[in-house]
Amino acid sequence: VVAQKLCPFASAVRNPPKLRLKLLAGRTEDALAAEVAAEAASICSDGAAHETALLVVDAPLADTLREWSAFYSLSWRLQSEALVDQQLQDQLQLVLFHPRAVRSAYSSLMDDDAADFAVRSPFPTIHLLRERDVMAALKAYPDAEGIPQRNAARLRTQGAVACARRLEAVYEVT
């Protein structure tokens, strides 16, 4: 996403560092939900050191969540426990990235749509963003509504095979 400049706001979190990258150690869905809730509370606390967080699910739970549908289903619980139960639903957004993610609930991995790579990552990842930062960025960016369509067009021009190779190359480095 960053290397392909799919998110025009990503570079703003680098200087000074406003992004927390955390490997989630939870081995169960209960533990994972507790970790996401703690991170959500941290981002919303006064004087938080970071504005956004990428929370990467570690193995073996990542193996359990290998299928996009399982991770997507878990996200409802995470929304409930990390945001709603703490009354943070108006302050945070929870965005999912996954190795097999698809942009539409009506598409499937069989469709081979390169645009799906805009929401793919090497490992199941939960992105927490503060709502106020998202709104400020959207107001400052011309034609923010068109970002998803531009990203889809850019990735489709590159093709699903090239996008898949880029994602697979990450595994070679790790």
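Aspartate 143 counts as partly exposed, at 46% relative accessibility (partly exposed sits between buried, under 20% relative accessible area, and exposed, over 50%, with a 1.4 Å probe and protein chains only). This aspartate is placed in the loop between α4 and α5, and its phi is near 55 degrees, a positive value in a residue other than glycine. Helices (H or I, at least four residues) and strands (E, at least two) are DSSP runs, numbered from the N terminus.

All of this comes from a predicted model, in which local features need pLDDT of at least 70, side-chain atom pairs count only at pLDDT 80 or more, and totals for chains, interfaces and linings use all residues. Residues are numbered from 1 along each chain as its sequence is written, and side-chain values use heavy atoms, with hydrogens and water left out. The protein chain averages a pLDDT of 87, and 90% of the residues score at least 70; pLDDT is the predictor's confidence in each residue, from 0 to 100. Confidence is highest in α1, at a mean of 95, and lowest in α4, at 86.

Alanine 59 and proline 60 are joined by a cis peptide bond with omega of about 5 degrees, and proline 60 belongs to the loop between β2 and α2. Most residues other than glycine have a negative phi, and most peptide bonds are trans.

The largest pocket holds about 1,700 Å³ of space. It is lined by 49 residues, and Val1, Cys7, Phe97, Ala118 and His127 are the closest to its centre. A pocket here is an open set of points on a 1 Å grid over the protein atoms alone, where a 1.4 Å probe fits, with protein on both sides within 12 Å along at least five of seven lines; lining residues have an atom within 4 Å of a point. Grid points are joined across faces, edges and corners, and the volume is the space filled by probe spheres set on the points. Helix α5 gives the largest share of this lining, five residues. By class, the lining of the largest pocket has 34 nonpolar, seven polar and eight charged residues (Ala, Val, Leu, Ile, Met, Phe, Trp, Tyr, Cys and Pro are nonpolar, Asp, Glu, Lys and Arg charged, and the others, Gly among them, polar).

The second largest pocket has about 160 Å³ of space. Of its 14 lining residues, Ala62, Asp63, Pro122, Phe123 and Pro124 are the closest to its centre.

Not counting residues up to four places away in sequence, valine 57 touches Leu23, Leu24, Leu32, Ala62, Leu65, Phe71, Phe123, Pro124 and Ile126 (contact means heavy atoms within 4.5 Å).

Finally, cysteine 44 lies in helix α1. Cysteine 44 and glutamine 91 are 47 residues apart in sequence and 7.3 Å apart in space, C-alpha to C-alpha.
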